[in-house]
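Here are some exercises to work through with the model open beside you. Try each one before reading the solution.

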Amino acid sequence: MRTVAVLGGGIGGLAASYYLCKSPQVTKVILLEASSRFGGWLWSTRRSDGAVFEHGPRGIRPAGAVGSNTLNMVDDLGLGEEILPVSFSHIASRNRYLYVNGQLHKMPSGISGIVRTVPPFSRPLLLSIAAEILVNKTKNDDESVHSFVSRRLGKELADIAVDSLCRGVFAGDCRKLSVRSCFPVLYNAEQHRGSIVLGMLLGSGEAQVITRGPLAKRSKKESWAQWSLKRGMQSFPEAIAEYLQQSGRVQLHKEAVVKQIDPSASGWQVHLEDGVISADHIISALPAKALSSVLPRSCQPLTQQLQDISSVTVAVVNLEYDGSILPVMGFGHLVPSSEDRGLLGVVYDSVPFPQHNRPDGQTTRLTVMMGGAWFQEEFGVPEAATAEHLLSRATEAVRCHLGVTAAPRWSRVILHRDCIPQYYEGHFQRVESMRGFIKNNNLALSLTGSCYDGVSVNDVIFSGRTAVEELLGTVV
Ligand SMILES: Cc1cc2nc3c(=O)[nH]c(=O)nc-3n(C[C@H](O)[C@H](O)[C@H](O)COP(=O)(O)OP(=O)(O)OC[C@H]3O[C@@H](n4cnc5c(N)ncnc54)[C@H](O)[C@@H]3O)c2cc1C
Ligand SMILES: C=Cc1c2[nH]c(c1C)Cc1[nH]c(c(CCC(=O)O)c1C)Cc1[nH]c(c(C)c1CCC(=O)O)Cc1[nH]c(c(C)c1C=C)C2
């Protein structure tokens, strides 16, 4: 393999370039990013007074093989000293809230949360859990998350808890999202053990094995629930870009919009605004719709299927208040769609990461997330949504949900257009079929990024690694 072009410089494209760069089989890597910054949704504002605000992900989970894989990379990049861990015993890990019937309710946790009736639920969770073991397994090869949980654990849990969870991870509608693709652990538990509960107790399906490096071992020993970085999440893509630059084997191009890709005798011609690049292989880490718009006509079935993967728009409003204004301490609260369709949830950023507050004086940082699958019906077309309107919806929610009447001392409103892909029912078949088309037509093309194999930062990095390993036929 001589030259590999990686399209898209979000965390997916950076991760794929990082793994390519580790292999002696690859002579040259060309990373092409349309915007003026690498990192995609990993985006932080670092204010001159030292405060840090996240516009995208704010915490990464160290759990599982994908979590260890990311920490191994963080270690290798020399970012270990920058880590801000949050342990499972921290109040931000123990307390998460739901805003239901105009009130905040702590999500049930621990034994007492399971055996007692905990509002907003009308009966002890233990009853649903015990009955779940006896529910028959479905013969369907996929179903919506709502249908799966209603069937196995009851409609109330699906309507409140799972509805909120899907808004807090996918900004999506659990009545449309696929259980098989969004929560493979739940799907596999039913398939292999006949029950979620038994799957959790006995394990289900073969787990990927990743050797834990020193940082991943530390995360286990210190029982981390999530982590961030001292100068914000954006330090992560910045460190990868720096590593790639230093390697001398990767050409990094910002403001390089891929316009068209055409097959050539030896691979591909990649057309940019101001020139053409030749590559033996392309790893696409572009959003699915962006890739569909640059593919040649000969790839029509693939183009169509890529277009069918939709994404939702989320308005992210960062707020900073004077003083310690929260009535409760925790990670944040989620709002089920039955309560308020447009308002997804509020993260209490100062609780897990007080290190990101401005160093002088007591302040509270919050992030309000709005829209998602309900963006259009609540706010109209994204072009028409004004920052003033979004800010006022966000501060109104903070007033109503948290009793904070003061105006924020600082705010920033950002509209993330099409930022989270939605894995609707049948997503797994679509992805299989797209990869089948690529294989059957001998296309020198790999698909990676958040549109296919998971939306979390860990999943996207792991997908970049898998794409490289499959291309090279070796473990990297
Ligand atoms: C608000 C929000 C909160 C989140 N919170 C979390 C969290 O707490 N934990 C977690 O694990 N995950 C979280 N995520 C998910 C995670 O951040 C994303 O799934 C992940 O960053 C996606 O990475 P990517 O590289 O696949 O895509 P992107 O970041 O979208 O990267 C794609 C890149 O391609 C570029 N591009 C597009 N078109 C072209 C073109 N024609 N030519 C060249 N380049 C092009 C874009 O500019 C972009 O940089 C969150 C996401 C959002 C939006
Ligand atoms: C309210 C909207 C959103 C909030 N975060 C996200 C959205 C759309 C995006 C997001 N959050 C998480 C992930 C990664 C999932 C993973 O597998 O690691 C993504 C893409 C993490 C997460 N956040 C919440 C939960 C339950 C999870 C799943 C993993 C975990 O248990 O830690 C809860 C939550 N998210 C938001 C709020 C306000 C909130 C409240 C409790 C914001």
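A residue is buried if 20 or more other C-beta atoms lie within 10 Å of its own, exposed if 12 or fewer, and partly exposed in between, with C-beta atoms placed from the backbone. Some ground rules: this is a predicted model, where local features need pLDDT of at least 70 and side-chain atom pairs count only at pLDDT 80 or more, while totals for chains, interfaces and linings use all residues. Residues are numbered from 1 along each chain as its sequence is written, and chains are lettered from A and ligands numbered from 1 in the order in which they are written.

**Exercise 1.** Work out whether V346 is buried or exposed, and what it touches.

*Solution.* Start with the neighbour count: V346 has 26 C-beta neighbours inside 10 Å, so it counts as buried. Now list its contacts, meaning C-beta atoms, placed from the backbone, within 7 Å. Leaving out residues up to four places away in sequence, V346 touches G332, H333, L366, V368, A397, V398 and H401. Finally, take A397: 51 residues separate it from V346 in sequence, yet their C-alpha atoms are 8.7 Å apart.

**Exercise 2.** Find the domains, then describe how domain 1 meets domain 2.

*Solution.* First the bounds, which come from an automatic or database domain assignment: domain 1 is 3-41 + 236-309 + 424-472, domain 2 is 91-202 and domain 3 is 311-421. Over C-alpha atoms, the centres of domain 1 and domain 2 are 35 Å apart. Their contact uses 6 residues of domain 1 and 9 residues of domain 2. The domain 1 side splits into 3 nonpolar, 2 polar and 1 charged residues. (Nonpolar covers Ala, Val, Leu, Ile, Met, Phe, Trp, Tyr, Cys and Pro; charged covers Asp, Glu, Lys and Arg; the others, Gly among them, are polar.)

**Exercise 3.** Which domains give residues to the shell around ligand 1?

*Solution.* Begin with the shell itself, where a residue is near a molecule if its C-beta atom, placed from the backbone, lies within 6 Å of it. Ligand 1 has 36 residues around it, and the closest are G8, G10, G12, G40 and G449. By class they are 21 nonpolar, 13 polar and 2 charged. Helix 1, strand 14 (311-322), strand 18 (410-421) and helix 18 (457-472) supply at least two residues each. Domain 1 and domain 3 both contribute to the shell, so ligand 1 lies between them.

**Exercise 4.** Repeat the analysis for ligand 2: how many residues surround it?

*Solution.* The count is 19, with G168, G332, L344, G345 and S456 the closest. Helix 7 (155-170), strand 15 (332-334) and strand 16 (343-347) are the elements giving two or more residues. The shell holds 11 nonpolar, 5 polar and 3 charged residues. At least three residues come from each of domain 2 and domain 3.

**Exercise 5.** Identify the residues with the most contacts inside the largest nonpolar core.

*Solution.* A nonpolar core is a set of buried Ala, Val, Leu, Ile, Met, Phe, Trp, Tyr and Cys residues joined through C-beta atoms within 7 Å. The largest one has 130 residues, and A5, V6, V145 and V368 have the most contacts inside it. Helix 1 (residues 11-21) gives this core its largest share, 8 residues. Then zoom in on V145: apart from residues up to four places away in sequence, V145 touches V162, C166, C174, L177, V179, C182 and F183.

Terms used. Helices (H or I, at least four residues) and strands (E, at least two) are DSSP runs, numbered from the N terminus. Two residues are in contact if their C-beta atoms, placed from the backbone, lie within 7 Å.
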